[in-house]
Amino acid sequence: MQIQINDMLRSYIDPLTEAEYTALERSILAEGCRDALVLWNDVLVDGHNRYSICQRHSIPFKVIQNESFHSMEDVMLWMIDNHLGRRSVSDFQRGVLALRKKDIMDARAAELAAKAAAEDASIAPPEPADEAAPTPAKVRTSREDIARAARLSSNTISQIEKIQKTAAPELVEAVRAGTISINAAATVASLPEAEQVAAVAGGKKLLQQAAKEIREQRAASRPPKEPKLGEDGTPAEPMSEVEQLRAEVAQLKDRVSKLRNENAELRERIAQLVDAS
């Protein structure tokens with residue numbers, strides 16, 4: 001059998017790092033290819049790295065057919081579940097894979113709902129007055145289900161989703177490389193793209209500083225909590241506490257002003273780093 005390589009499937013999962021690939025090659029050279037390659041007919045689904053190493057060194061390997069695949073979506077879902085079960089996959093990679101699974105499952109649910117609606121219409125055509133009736137809402141995979149599949153919190157899934165939507169490619173790569181945490185990257189992703197790129201160019205320390213200053217600005221801009229009220233609707237705290245709250249508000253405003261100045265200085269440093277590079 002002539003094994004076919006599908007470029008989309010080969011790049012569907014993040015590639016191994018150079019160190020990981022070298023370790024895999026060393027293992028195969030020493031012990032042979034222990035795990036069989038998984039095929040869908042003649043298309044390689046799992047084992048692209050093992051296949052390339054075996055081909056280069058003329059090392060024999062085994063193949064198995066997965067009979068459960070009926071479409072490319074089935075293949076993708078299997079690849080996702082297979083990698084989600086591996087310990088070496090990072091939190092960010094697991095989140096990305098889980099969100100890909102969500103997209104596939106949502107599309108399938110919408111397709112099944114449309115098919116069911118069409119079948120119902122063919123059995124009992126709608127009355128003329130019902131022709132303009134709205135289409136049924138799409139059934140979507142819950143965020144909790146996605147988080148559970150990825151073994152992450154719902155909040156982390158939301159942060160990864162934000163990174164995918166708003167982060168510059170350089171910032172995404174920094175998360176993949178572990179230069180910045182998911183939490184910090186989601187915060188930095190709120191900056192304009194040019195500032196994200198400049199922060200990444202400044203290295204890990206500058207990224208952390210940018211995330212810290214953004215969080216401090218957000219905290220300073222939050223309004224103070226309203227004082228608790230008693231049963232009669234009057235403040236439960238004595239008036240001295242109210243005065244203290246007013247003083248805290250004034251301090252927060254002063255802090256906001258200082259943070260703005262510090263942020264301006266940070267942007268200048270970022271610009272200088274970009275110019276120097």
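**Close-up views of a cavity and a pocket**

**View 1. Residues around the largest cavity.** Leu191, Glu195, Ala210, Glu213, Ile214, Asn263, Leu266, Arg267 and Ile270 form the lining of the largest cavity. Two elements, helix H11 (204-221) and helix H12 (239-276), each contribute two or more residues to this lining. H12 provides the largest share, with 4 residues. The structure shown here and in the other views is a predicted model.

**View 2. Volume and residue classes of the largest cavity.** The largest cavity holds about 50 Å³ of space. The count of cavities of 30 Å³ or more comes to 1. By class, 5 residues of the lining are nonpolar, 1 is polar and 3 are charged.

**View 3. The centre of the largest pocket.** The space in the largest pocket amounts to about 1,100 Å³. Its lining comprises 39 residues, and among these Asp14, Leu16, Asn49, His83 and Arg86 lie nearest the centre of the pocket.

**View 4. Elements and residue classes lining the largest pocket.** Two or more residues of the lining of the largest pocket come from each of the following elements: helix H1 (7-10), helix H2 (18-31), strand S2 (43-46), helix H3 (48-57), helix H4 (72-84), helix H5 (91-123) and helix H8 (169-176). By class, the lining of the largest pocket contains 17 nonpolar, 11 polar and 11 charged residues.

Definitions and conventions. Residues are numbered from 1 along each chain as its sequence is written. This is a predicted model: local features need pLDDT of at least 70, side-chain atom pairs count only at pLDDT 80 or more; totals for chains, interfaces and linings use all residues. Side-chain values use heavy atoms; hydrogens and water are left out. On a 1 Å grid over the protein atoms alone, a cavity is a set of points where a 1.4 Å probe fits but cannot get out, and a pocket is an open set with protein on both sides within 12 Å along at least five of seven lines; lining residues have an atom within 4 Å of a point. Grid points are joined across faces, edges and corners, and a volume is the space filled by probe spheres set on the points. Ala, Val, Leu, Ile, Met, Phe, Trp, Tyr, Cys and Pro count as nonpolar, Asp, Glu, Lys and Arg as charged, and the others, Gly among them, as polar.
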